[in-house]
Amino acid sequence: MANSAECFLMSLVMIGILSQVTSDAFDHKYNKGDPVPLYVNKVGPYRNPSETYPYYDFPFCPPDLWQEKEESLGEVLNGDRLVSAPYKLNFRLDRESQVVCRRNLTRKEVALFQTAVAKDYYLQMYYDDLPIWQFIGVAQTNNVDTFKYYLFTKVHFDIFYSRDHVIEINMSSDSSNLADLTEDKVIDIEFLYSVNWKETDLPFDTRMQKYTMFAHFPLNMKKHQFAITNSFWTIILLVGCLVALYVRVLRKDFNEYENDEELADNQGHTGWKIIHGDVFRYPKYKCCLAAAIGCGTQLFAVVLSVIILGVAGVFHPYDRGVQKVASVIIYAITNVIAGFTAVSFYHQLEGSYSAKNLFLAGSLFCGPLFLTFCFLNTVAGIYESTAEISMGNIVKILLIWVFIALPLLLLGGTLGKITKSEFQAPCRSTKCPREIPPLRWYRAALPQMAIAGFLPFSVFYIELYPIFASIWGFKEFTAYGVLCVFFIFLVTITALVSIGLTYLQLAAEDHQWWWRSFLCGGSTGLYVYAYCFFFYFQSEMSGFLQTSFFFGYMTCSCFGLFLLLGTVGFRASLIFVRHIYSSIKFE
């Protein structure tokens with residue numbers, strides 16, 4: 001029954017993803033002279049990938065027949081706005097110095113192009129679903145203070161074909177055809193283009209490799225191998241430390257208890273043994289803790305599902321926005337996990353406000369994300385950026401939430417309430433909580449979080465750059481196999497570190513480990529957020545729009561990572577605490 005349910009959910013995900021894969025050329029086969037779909041997409045500064053504008057907001061040549069491509073939800077989320085291009089690149093037809101149009105640029109239009117060239121604006125097109133990028137101009141300087149700005153007025157297309165397929169396309173600018181934009185005056189410009197077709201032996205199935213091979217360069221593979229080796233030995237070291245802890249310390253404690261005939265008397269007991277009557281005392285704010293555990297479990301399922309789909313080869317560079325649509329659909333479906341986990345655990349803790357708990361589980365991550373989205377979408381609308389999502393597409397997302405996510409959240413909460421199970425505590429809690437002795441400063445919550453987050457972050461921070469470069473750049477991330485390995489390492493190291501710190505906390509006779517284990521497990525998300533500032537300044541991003549998008553969405557992402565790893569840390573610590581206290585019988 002469980003396998004059938006999993007297959008059904010995965011089928012829904014695959015149907016939702018495949019429905020977003022759209023292409024004008026279904027089989028990508030053409031005869032000589034056939035028109036091949038060519039769309040212009042967007043224009044924006046190279047260092048600000050989120051700051052993009054419609055192509056025809058700039059005074060380029062308009063096409064003879066204006067046609068906007070019907071876009072899927074994934075393309076909209078990706079910020080794509082595909083419109084027919086003015087160039088005619090028919091299959092296997094060469095062209096030489098074809099005139100696109102002649103424009104008389106006003107002073108305002110010249111200033112617009114001048115600003116774009118100064119900020120290294122690029123343009124993007126899609127030819128037979130193959131992406132093309134090209135800078136629109138170049139800024140030159142003869143000394144420190146004087147710049148001259150030139151607009152490229154002629155582009156050249158080198159297109160490679162194999163039999164009846166387009167294999168590769170490269171777009172370059174002709175340095176001999178430049179328009180000087182330095183002076184603020186009206187100028188006349190003639191836009192030209194040329195096309196050269198070349199035959200190649202490369203098969204059609206390999207035409208996307210040039211866009212995905214970044215992760216497989218020898219230098220990058222060496223980085224992956226080094227990081228994996230480093231992570232592997234770190235795990236071995238942690239496992240060795242925990243085994244030594246178990247064999248040399250805990251085993252000794254267990255043997256002492258087995259040989260002790262007066263277990264009921266706490267006199268002489270020290271460390272974790274003396275707090276057996278308080279260690280399973282329910283924590284404060286248990287409703288919030290249960291909701292955080294439910295939300296973290298859901299995010300764990302989302303991340304794992306996306307990685308599995310990536311390893312299975314579902315995501316392709318030319319399937320624009322499919323990964324984002326997959327994340328939306330999976331998140332909606334896994335709301336049943338959040339509702340069930342949160343409510344069932346809350347009832348184990350003898351909670352009585354199930355509705356409040358369910359609401360927190362459904363809104364703890366989704367609520368801040370929605371508020372951030374509303375703010376950033378408003379900013380994009382003010383800037384008239386393609387990153388703005390129209391009201392119609394917002395309604396589509398809301399319908400997914402109303403008709404899929406919300407019912408599944410309620411279903412999971414109902415199942416969690418019906419499935420009544422008691423909290424498995426090996427020891428009974430005393431009526432009066434035991435006073436926690438004074439602790440040294442490094443045993444406080446913040447120093448422990450700093451220690452707990454540093455080790456997992458140091459293991460996988462090497463992999464952060466390619467992930468960030470894919471999200472906030474122009475490189476396609478395709479190393480899902482490597483990402484899967486690092487995700488396993490990250491979860492494993494977080495669990496091991498949380499177990500070790502929980503033991504040290506209990507050994508200091510501090511029985512308030514519930515929230516501490518969650519906070520220590522999730523503290524890696526704070527380190528990732530600190531890395532965001534490093535990446536931001538290294539990438540030379542600028543402007544209010546780009547800064548808002550970067551820190552807005554990265555704040556939500558790091559908060560989600562905090563919930564995910566916090567759940568991992570708490571679950572691992574709970575299993576460990578149950579194990580050590582179940583090994584000894586207390587009366």
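Biologist: Which helix holds Val395 of the nonpolar surface patch?

Modeller: This is a predicted model, in which local features need pLDDT of at least 70 and side-chain atom pairs count only at pLDDT 80 or more, while totals for chains, interfaces and linings use all residues. Residues are numbered from 1 along each chain as its sequence is written, and side-chain values use heavy atoms, with hydrogens and water left out. The patch, about 570 Å², is made by Met391, Val395, Leu399, Val402, Phe403 and Ile404 (residues with over 30% relative accessible area and no salt bridge, nonpolar side chains being joined within 5 Å and like charges within 9 Å). Val395 lies in residues 391-418, which form helix α11.

Biologist: At what angle do helix α14 and helix α17 pack?

Modeller: Two packed helices are described by the angle between their axes and the distance between the axes. For α14 (residues 480-507) and α17 (residues 544-582), the axes are 8 Å apart and the angle is about 50°.

Biologist: How far apart in sequence are the parts that Arg207 and Asp128 tie together?

Modeller: Arg207 forms a salt bridge with Asp128 (a side-chain nitrogen of Lys or Arg within 4 Å of a carboxyl oxygen of Asp or Glu), and their closest N and O atoms are 2.9 Å apart. Because Arg207 lies in the loop between β12 and α4, and Asp128 in the loop between β5 and β6, the pair ties together parts separated in sequence by 79 residues.

Technical notes: Areas by Shrake-Rupley, 256 points an atom, 1.4 Å probe, with all protein chains shown as cover. Helix = DSSP H or I, 4+ residues; strand = E, 2+ residues; numbered from the N terminus. Axes fitted to C-alpha atoms, helices over the stretch in contact; angles between N-to-C directions.
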